Amino acid sequence: MSTVATGQASGRYARLMTSLLRGTLRLDVLVNKLYPTDFNPLYYTGGLSNLFLFTLVLSGIFLFFYYDASLGESFASVQYLTDRVPYGGIVRGVHRYAADGFIVGILLHLLRNWFTDRHLFARDNPWISGMFLLLFAGFIGFTGYQLVWDERAQLLTSMFVAMLRSIPAAGAALTRLFIGGVGISDGTLVRILFLHIGPATALYVFLWWHYVRQRHPKIWPPGVWVLFCVGLVFLLAGAVPVTRETIPAATPAASPTRFPMDVFFLIPFWLLNFLPAGVVVLLLVALFVGGLAIPYASRRETPVEMGVRHSGVAQVIDGNCTGCELCYYDCPYNAIVMVPSPGPGLSKAAANRSLLAVVIESRCVECGICIGACPFEALELPKFLERDVLRQVGEAVQA
Amino acid sequence: MRSIYVVGIVVLSGLSLLFAVGIIYGEATDQWFLGGGFVGALLIAYSFIVLLLRQVGLIGPRKTER
């Protein structure tokens with residue numbers, strides 16, 4: 001009898017992950033009652049993040065044309081853009097709120113894939129690249145606040161320098177590298193501008209890495225969500241303009257001690273109220289490294305502990321395979337290859353085959369898509385046999 | 001249910017027209033934040049119209065889901 005029917009996840013971590021998986025699937029069912037399944041936004045959290053990133057790039061290009069990276073002119077150039085350029089304030093607001101949307105999208109995507117075990121086995125590649133995307137997105141958002149060069153930017157810069165200096169051995173060098181000398185100068189703003197745009201460009205490299213092993217990534221949400229999300233950032237930009245935060249320009253004489261908070265990008269700086277800079281740096285490094293380790297920490301679960309969350313690597317039933325290539329084209333992870341058939345299959349349909357499907361175990365993520373793709377019952381997940389699924393469906397219908 | 005969706009589409013279409021007038025008003029009076037906000041409201045209204053059109057069955061579903 002298979003684990004599907006009888007197995008219960010054991011171990012505290014496994015029980016937690018199983019309950020999170022069930023909770024996520026219940027949420028899917030709930031949202032599917034509100035939206036048609038192909039419009040369910042929970043299926044497009046990655047695509048929504050990509051949409052916000054695209055919005056950020058377009059609005060950022062517009063803002064870049066008006067920005068003057070110097071201590072004396074940066075604040076004035078942002079003010080000019082906001083107040084004098086037609087719809088400049090709107091574009092600035094769109095850039096600001098799309099950044100929030102980007103982070104929210106990434107976090108939803110991360111949690112969903114974590115809770116549904118899509119970070120395990122061969123899927124560690126998108127998880128690792130996703131952690132880098134999150135790290136870079138957070139850093140780009142922070143440098144965006146600095147570019148305005150108001151009193152908040154001034155205070156953020158001094159706090160960031162304190163964090164850099166707290167790093168043992170490399171602190172002084174990193175600080176010099178960041179501010180471009182012994183004190184803040186025009187060169188600092190140029191460096192901050194580079195640290196805003198350079199990592200933003202790198203995001204697309206990480207996206208390539210994110211998608212590289214996937215055959216059919218959903219990189220764009222349905223049109224209805226494109227309209228809604230772009231509409232939402234425009235509506236927020238108009239209804240809650242960025243100019244509501246009247247922060248004066250940074251001056252050498254100013255010594256600001258407070259600034260309006262942004263929960264998505266400035267949390268580490270809020271922590272500096274309670275913790276020394278070195279501890280905050282250590283905490284951020286630990287969070288990032290811990291995030292990278294999640295797929296490998298989870299692998300310590302044995303298949304028995306994983307219970308219903310473990311199906312086993314897909315296996316080809318040689319006698320039934322017709323070499324039709326449907327599974328090969330449907331596998332999102334390139335885990336199935338077609339090889340010349342060493343001989344005919346056993347079934348009538350497979351008698352004249354010329355190809356045979358072979359599963360590459362290291363790439364298989366046990367998703368079961370190939371099972372649905374195969375019309376000849378030539379593929380099975382060993383712990384999720386079709387007959388067991390059919391029996392469970394039958395029992396559920398009778399109940 | 002279908003008639004409710006149709007009413008929703010009509011109401012949202014009317015609202016969209018108002019938002020479009022708002023965009024023109026914002027542009028004419030140089031109130032760019034107002035105009036930009038109405039652009040957002042218009043797009044959101046369009047998104048709900050598309051959703052209701054889908055619920056009515058006038059658009060979609062995707063070929064693979066038929």
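The conversation below concerns a predicted model.

Student: How many residues of chain A are in contact with chain B?
Tutor: On the chain A side there are 21 residues, and they are in contact with 19 residues of chain B.

Student: Which helices of chain A each supply at least two residues of that side?
Tutor: Those are helix 5 (88-115) and helix 10 (223-239). Helix 10 of chain A gives the most, with 13 residues.

Student: And what is the make-up of that side by class?
Tutor: The side of chain A that touches chain B has 16 nonpolar residues, four polar and one charged.

Student: Where does UniProt place the feature "transmembrane region" in chain A?
Tutor: The unreviewed UniProt entry places this feature at residues 42-67, 127-148, 160-179, 191-212, 224-243 and 263-296 of chain A.

Student: What does the chain look like over residues 191-212?
Tutor: That span of chain A is 95% helix and 0% strand, with its end C-alpha atoms 31 Å apart. For residues 224-243 of chain A, the figures are 80% helix and 0% strand, and the end C-alpha atoms lie 30 Å apart.

Student: Changing topic: what domains is chain A divided into?
Tutor: Chain A has domain 1 (8-298) and domain 2 (311-398). Their centres, taken over C-alpha atoms, are separated by 41 Å.

Student: How many residues of the two domains are in contact?
Tutor: Seven residues of domain 1 of chain A are in contact with ten residues of domain 2 of chain A. On the domain 1 side, the residues comprise two nonpolar, two polar and three charged.

Conventions: Residues are numbered from 1 along each chain as its sequence is written. Chains are lettered from A and ligands numbered from 1 in the order in which they are written. This is a predicted model: local features need pLDDT of at least 70, side-chain atom pairs count only at pLDDT 80 or more; totals for chains, interfaces and linings use all residues. Helices (H or I, at least four residues) and strands (E, at least two) are DSSP runs, numbered from the N terminus. Ala, Val, Leu, Ile, Met, Phe, Trp, Tyr, Cys and Pro count as nonpolar, Asp, Glu, Lys and Arg as charged, and the others, Gly among them, as polar. UniProt positions are given in the numbering used here, feature names are shortened, and annotations may be inferred rather than shown by experiment. Domain bounds come from an automatic or database domain assignment.
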